[in-house]
Amino acid sequence: MIKNGKLLRIFYSKPRSVHNNMEREITATKELIVNMGPQHPATHGVLRLVLDVDGERIIKCTPYVGYLHRGIEKLSEDLTYVQALPLTDRLDYLASAANNIGFCVAIEKLLGLEVPPRAKFIRTIMGEMARICSHLVWIATHALDIGAMTVFLYAMRDREVFLDLFEMVTGARMTVSYPRVGGVDVMLTTNFLINCINLLKHFQKKLLSMRP
Amino acid sequence: MALILDTLTEPVEVEEGVKVVPAANTIIMPIAKLASWGKRSSIWPVTFGLACCAIEMMATGASHYDLDRFGIIFRASPRQSDVMIIAGTVTKKMAPIIVNLYHQMAEPRYVIAMGSCACSGGVFNTYSTVQGVDSFLPVDVYIPGCPPRPEALLDGIIKFQELIKQEPYKQRKR
Amino acid sequence: MQSSDIVNLLKEKFSKEILCTVYFRGDCTIIIKRDKAKEILKFLKETPSLDFDYLIDVTGVDYMGARQPRFNVVYHLMSIKNANRIRVKVEVPEEDCWVETVSDLWATANWHERECFDMFGIEFKGHPDLRRILMPEDWEGYPLRKDYPVGSDLGDKEWKTFKDILQQTKERA
């Protein structure tokens, strides 16, 4: 509503037609139930949302989950700790090293194992790199949904550097299974360390390039 | 092959069935070949990423391993696409929806099963997982891997293009 | 506040319901009977000195054959202000499989209890909307029970919609 030239409040309103009541009824918005089904370009992964929508405003949202329930809990009942470790990779597949760390820490607590400090440092490095990968995918897909495709391409390009680093050490790009019970799988290579330090020098600039 | 000059007015056979008249800037080919060239050079998949393989599919579509150079544009709606790349684990709860989407695609339609879970259930031989999407859909290309590297996905797509090339030109009833 | 102090406080008030306490690797667990479970949880939440305002998880355990009673419902509680954690296990027999809901104390319990019901078949009395969450709504059987098969081929007990899809595929082939 614009009064005296200033925008006072934005009304989400039905059109005002003083003269014609019928016109007001016909053009008034009604509530609509929209099913944003499990397949939708914006639901990254499968999530079904049933939305009560009034015009473009969402009034109520009921999520339905379970479309990716794979039975990992039931499956890992029959497996040893080492066999169950790759299953934990696939829980949050964007940051797999972090899931492995959680699993290994729980087992080490139960067994009363103490992890050597070097392994703790390596796990932290891997965990943080995994977190950065996950956040890059978040920002890429978030921007893609809004329409900013460039950020998607920039973030995925930056992510490739991290995935190359993972592959250098563990052999896998995404689902690493690198932290093991009692430490890590293999020692980091010199190649990895050199490239990681290089990455640290340049990454902040790359992040800032994604800003408008 | 003989030297092809730009001023030749005779048709020159460059490939089996494809003739080129250089002076007239013309290519002569049977309709079947033309159609299959068009189909395989502009594959439009429907975005159907379910789990971890979807992230590798996104990485393949990004700038490092470009998919756009193959003519691949991801379409949101199954009505506008011709292939469904099933990337990720298919659960029994999700199966009816996949069947629905498959029927919404217009013919000729294809299915690529990407990743071990779509090919055969993968690691997850559990009560809720379908052991391979080919139990209820006709699959054309299987791409194994957990997740398959982007190069593997590209290899699968190239094989898919070869498949389209060799298909006879008749109504594909699927 | 030490875990032993918390447990002592609980034992003063609810001496008959607490069956045993376990201290293992720095974690404190109390196993209680079902009768006053909700009161104990409410006490843990609302006593100012304890203040367990964060319900981390509600899950279940199936001790088929190994222990009686068959099920335990496990509540993981945390106090953010005091940085305390405690685990409360409620014993639930198989024949009379219910526990009172805590979704009016902690709102997050709504979905956690739905998952527990879906996977174990433990009914949560007073829950506003108890239906399956992970499996399809008309699924039969409770997957995480120990007598439920782990494999994918469920034979006759397969979910009807999926069986229909397989049937239609065979007919079309």
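In chain B, residues 24 or more positions apart account for 68% of the contacts with a separation of 6 or more, where contact means heavy atoms within 4.5 Å. This is a predicted model, in which local features need pLDDT of at least 70, side-chain atom pairs count only at pLDDT 80 or more, and totals for chains, interfaces and linings use all residues. Residues are numbered from 1 along each chain as its sequence is written, chains are lettered from A and ligands numbered from 1 in the order in which they are written, and side-chain values use heavy atoms, with hydrogens and water left out.

I will stay with chain B for a moment. Its secondary structure comes to 5 helices and 7 strands; helices (H or I, at least four residues) and strands (E, at least two) are DSSP runs, numbered from the N terminus. The pattern along the sequence is β-β-β-α-β-α-β-α-β-α-β-α. The C-alpha atoms of chain B fill a box of roughly 65 × 35 × 25 Å along the principal axes. Of its 174 residues, 49% are buried, and buried means under 20% relative accessible area, exposed over 50%, partly exposed in between, with a 1.4 Å probe and protein chains only.

Now chain A. Here there are 7 helices and 7 strands, in the order β-β-α-β-β-β-α-α-α-α-α-β-β-α. Buried residues are 38% of the 212 in chain A. Among its contacts between residues at least 6 apart in sequence, 49% join residues at least 24 apart.

One helix pair in chain A: the axes of α3 (residues 81–89) and α4 (residues 96–111) of chain A come within 8 Å and cross at roughly 145 degrees. Those axes are lines fitted to C-alpha atoms, for helices over the stretch in contact, and angles run from 0 to 180 degrees between N-to-C directions. On the α3(A) side the contact is made by Y81(A), A84(A), L85(A), T88(A) and D89(A). On the α4(A) side it is made by S96(A), N99(A), N100(A), F103(A), C104(A) and I107(A). These residues divide into 6 nonpolar, 4 polar and 1 charged. Ala, Val, Leu, Ile, Met, Phe, Trp, Tyr, Cys and Pro count as nonpolar, Asp, Glu, Lys and Arg as charged, and the others, Gly among them, as polar.

Also in chain A, L200(A) is found in helix α7 (residues 190–208). L200(A) is exposed, with a relative accessible area of 64%. From L200(A) to I33(A) it is 167 residues in sequence and 48 Å in space, C-alpha to C-alpha.

Next, the interfaces. Chain A and chain B bury about 2800 Å² between them, with carbon and sulfur atoms giving 67%; buried area is the accessible area (1.4 Å probe) that two parts lose on being put together, summed over both. In chain A, Q39(A), Y67(A) and R70(A) lose the most area to chain B, together 23% of what that side buries. Between chain B and chain C the area buried is about 1300 Å², 69% of it on carbon and sulfur atoms. On the chain B side, K92(B), K93(B) and Y127(B) lose the most area to chain C, together 53% of what that side buries.

Last, chain C. Which residues of helix α1 (residues 3–13) of chain C are buried? They are I6(C), V7(C) and L10(C). Seen down the axis of α1(C), its buried residues fall within an arc of 95 degrees, so they line one face of the helix. The arc is that of the directions from the helix axis to the C-beta atoms.
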